[in-house]
Every structure is written in structure tokens, then in C-alpha cells.
Amino acid sequence: MSENPARHLSEADAIAAHPILDNVGDLARLLSQLPPDMALTLDQHVRADPAEPAEMYTVTPRLVGMVNDETAQTVPGLQLGTVYVPAEGDENAQAAAAVRRDLLPENLLARAGARILDGRDLQAGLKDLTGLLQEVGLLLGEGAKWLSRDDPAMTSLQVEAGRIHHAAARITQLADTVESPDW
């Protein structure tokens, strides 16, 4: 893939002109404006704004840097991602939400990882982890209900579920006391 700055600009413009892909026709129009040899990838996470209560699911394209396997150079690539945008509001508000680069993964574990590992927000990342632990504890407790009462595994699973819930409560308390470092 050649390194032509004008080509990058036109690729960026084409992608920016299609912030939301509602159907195959939208995707086809976007792809017709991009070079056929452009690298393609999928975002592995659904992205969302946890502060937005009423959302709808959509597909959004992003221009990302990708490493060319043959040259080991970074080249522009098209990433298709899934994102929740405000259900209420006009198309411009939805498009603005779709192209936000700060949206975290919707999945609790991935969101906690993003917040903790890159130092974004240790406190919120720990609280995400407590939500995940609470879900694990709930599933263990519910799973134990399927076992017979005389099965020792039932009691053990219930005890472990209780420990996990207790750990989640302790981590929630700790999360309120930690401060993220100023880098």
C-alpha cells in the first residue's frame, strides 16, 4: 500500500462521511470510496457510554493504523465497530456518539481492563470488576440450586458464591479509597 498523504485524507474523509452504517447499502457506498486493498479489521468489543440510559445498537467505521505484514509499516485500515448511540435525538447526535474514540467496551471485564491497565480510571475499573464478581457469585449460587441438597458440591458452591460476594463488597469499599496516579 503506497504512502500517499492525499490518499489518507480522502480515506479519512470517506469514513467521516459515513459515521453510522445502518444497512448493507451504507457499507457498500463507503467501501466504493476506499481502495480495494485497504486492510480491514473488526473491533472486538461493543462500545458504549455507561452514562447514556436509552441506547440503540449500530455499526460504525473507523480509520485505524494497522501493520502491513509484508512491509512491517503502519498503514491505514478500516475498522468496523459496534457501538450504542442515543436512541432519542437526531441523526447528528447519533453520529457524534458513534464516532467518539473514548467509548469504553460494554463488557465489564474488558471495560475494567481498559480503565485499569491504561490508567484511565482505577476507581471506576475496580467498581467494574466488582460488578463482574457479583455476576460470577450469582451464577455460582444459581448453579448450585441445580444440584441435590445432599451433594457436597452444592454447599461448596454456595460458600464460594458467598465469598465472591464478600470480596466484591470489600473491593467496592477499597475502590472508594484509591486515587489514580497523576501521570
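Predicted model: local features only at pLDDT ≥ 70, side-chain atom pairs only at ≥ 80, totals over all residues.
Let me begin with Ala72, which sits in the loop between strand 2 (55-67) and strand 3. Residues are numbered from 1 along each chain as its sequence is written, and side-chain values use heavy atoms, with hydrogens and water left out.

Ala72 has a positive phi of about 60°, although it is not a glycine. For context, most residues other than glycine have a negative phi. Ala72 is also exposed, at a relative accessible area of 62%. The cut-offs for that word are as follows: buried is under 20% relative accessible area, exposed is over 50%, and partly exposed lies in between, with a 1.4 Å probe and protein chains only.

Asp22 is exposed, with a relative accessible area of 58%. Its C-alpha atom is separated by 9.7 Å from that of Tyr57, 35 residues apart along the chain.

Helix 2 itself contains Arg29, which is partly exposed at a relative accessible area of 45%. Setting aside neighbours within four places in sequence, Arg29 is in contact with His18 and Asn23, where contact means heavy atoms within 4.5 Å. The C-alpha atoms of Arg29 and His18 are separated by 8.7 Å, and the two residues are 11 apart along the chain.

Which residues make up the largest nonpolar core? There are eight in all: Ala14, Ile15, Leu21, Leu30, Leu34, Met38, Leu78 and Leu80. Such a core is a set of buried Ala, Val, Leu, Ile, Met, Phe, Trp, Tyr and Cys residues joined through side-chain atoms within 4.5 Å. Helix 1 (5-16) and strand 3 (74-86) are the elements that give two or more residues to this core. A second, separate core has seven residues, including Ile20, Val83, Val85 and Ala98.

Leu34, apart from neighbours within four places in sequence, is in contact with Glu11, Ala14, Ile15 and Leu78. Leu80, in strand 3, is buried with a relative accessible area of 17%. Not counting residues up to four places away in sequence, Leu80 touches Leu21, Leu27, Leu40, Thr41, Leu42, Asp43, Thr60 and Pro61. Between Leu80 and Ala96, 16 residues apart in sequence, the C-alpha to C-alpha distance is 16 Å.

Strand 4 (residues 104-105) holds Pro105, which is buried, with a relative accessible area of 4%. Beyond its neighbours within four places in sequence, Pro105 is in contact with His45, Val46, Arg47, Ala110, Arg111 and Ala114. From Pro105 to Met154, 49 residues apart along the chain, the C-alpha atoms are separated by 34 Å.

The axes of helix 4 (residues 108-117) and helix 5 (residues 122-144) come within 8 Å and cross at roughly 160°. Helix 4 is therefore roughly antiparallel to helix 5. Axes are lines fitted to C-alpha atoms, for helices over the stretch in contact, and angles run from 0 to 180 degrees between N-to-C directions. Angles under 35 degrees count as roughly parallel, over 145 as roughly antiparallel, 65 to 115 as roughly perpendicular, and the rest as oblique.

On the helix 4 side, Leu108, Leu109, Arg111, Ala112, Arg115 and Ile116 meet residues of helix 5, among them Leu122, Leu126, Leu129 and Glu135. By class, this contact has nine nonpolar, two polar and four charged residues. Here Ala, Val, Leu, Ile, Met, Phe, Trp, Tyr, Cys and Pro count as nonpolar, Asp, Glu, Lys and Arg as charged, and the others, Gly among them, as polar.

How do the axes of helix 5 and helix 6 (residues 152-175) cross? They come within 8 Å, at roughly 165°, so helix 5 and helix 6 are roughly antiparallel to each other. Their contact includes Leu126, Leu133 and Leu140 of helix 5 and Leu157, Ile164 and Ile171 of helix 6. By class, the contact of helix 5 with helix 6 has 13 nonpolar, eight polar and two charged residues.

Methods: Helix = DSSP H or I, 4+ residues; strand = E, 2+ residues; numbered from the N terminus.
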